[in-house]
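Subject: Structure handover

Hi,

Here is the structure we talked about. Please open it next to this note; my findings follow below.

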Amino acid sequence: MHNTPESKTLQIVKRCLVIDETAHRTYSALAKHTPNKPLGEFWQAMAKEEETHVTFWSKIVSDVVLADKLPVLFEDANKIIAELDAILPKIKSLKCDNLD
């Protein structure tokens, strides 16, 4: 990846996509495996919300023209990237993929 501000924004978007994909899978697994119906409905609603985020981020990442024209959104994109990179391992350790 280039070090232009646009490509840094795309790097951030890709990290957001991974985070939201993980949240969607985790919430879906929790909904599927909870014995408490109201709690299961809550987790299912959370999964549905994350699914909209995944669709949004995926559209940006997959649209080459759009991805190339992302505006500069952050004063310090490197700091945001580092913060997201620090969050990713924590999120991945919490996921419930093994419940499926």
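One definition to begin with: a contact means heavy atoms within 4.5 Å. By that rule, Glu 50 touches Asp 20, Ala 23, His 24 and Tyr 27, leaving aside residues up to four places away in sequence. Keep in mind that this is a predicted model.

**Overall layout**

The protein has 4 helices and 0 strands. From the N terminus on, the order is α-α-α-α. Of the 100 residues, 31% are buried. Take the contacts with a separation of 6 or more: residues 24 or more positions apart account for 76% of them. The protein exposes about 6,800 Å², and carbon and sulfur atoms supply 61% of that area.

**Glu 50**

Glu 50 sits in helix 2, which spans residues 37–62. A salt bridge needs the side-chain nitrogen and the carboxyl oxygen within 4 Å.

**The salt bridge**

The count for the protein comes to 1 salt bridge. Asp 85 forms it with Arg 15, and the closest N and O atoms are 2.5 Å apart. Asp 85 lies in helix 4 and Arg 15 in helix 1, so the pair ties together parts that are 70 residues apart in sequence. Asp 85 is partly exposed, at 34% relative accessible area. Arg 15 is buried, at 19%. The cut-off for buried is under 20%.

**The nonpolar core**

Which residues touch the most other members of the largest nonpolar core? They are Ile 12, Val 13, Cys 16, Trp 57, Ile 60, Leu 70 and Leu 84, out of 15 residues in that core. Helix 1 (5–33), helix 2 and helix 4 (77–94) each give two or more residues to this core. Helix 1 supplies the largest share, 6 residues. Trp 57 touches Val 13, Cys 16, Leu 17 and Asp 20, again leaving aside residues up to four places away in sequence.

**Ile 80**

Ile 80 lies in helix 4. Its relative accessibility is 21%, so Ile 80 counts as partly exposed. Ile 80 touches Ile 12 and Phe 74, with residues up to four places away in sequence not counted. Ile 80 and Ile 12 are 68 residues apart in sequence, yet their C-alpha atoms are 7.3 Å apart in space.

**Aromatic pairs**

A pair of aromatic rings is described by the distance of the centres and the angle of the planes. The count here comes to 3 aromatic pairs. The rings of Tyr 27 and Trp 43 have centres 5.3 Å apart and planes at 25 degrees, so this pair is stacked. Tyr 27 lies in helix 1 and Trp 43 in helix 2, so the pair ties together parts 16 residues apart in sequence. The rings of Phe 42 and Trp 43 have centres 5.0 Å apart and planes at 65 degrees, so that pair is edge-to-face. Tyr 27, Phe 42 and Trp 43 form one aromatic cluster. Within it, Tyr 27 is buried at 19% relative accessible area, whereas Phe 42 is partly exposed at 42% relative accessibility.

Best wishes

Notes: Residues numbered from 1 in each chain as written. Predicted model: local features only at pLDDT ≥ 70, side-chain atom pairs only at ≥ 80, totals over all residues. Heavy atoms only, no water. Buried < 20%, exposed > 50% of the residue type's maximum accessible area, 1.4 Å probe, protein only. Areas by Shrake-Rupley, 256 points an atom, 1.4 Å probe, with all protein chains shown as cover. Core = buried A, V, L, I, M, F, W, Y, C linked by side-chain atoms within 4.5 Å. Phe/Tyr/Trp six-rings, centres within 6.5 Å; stacked < 30°, edge-to-face > 60°.
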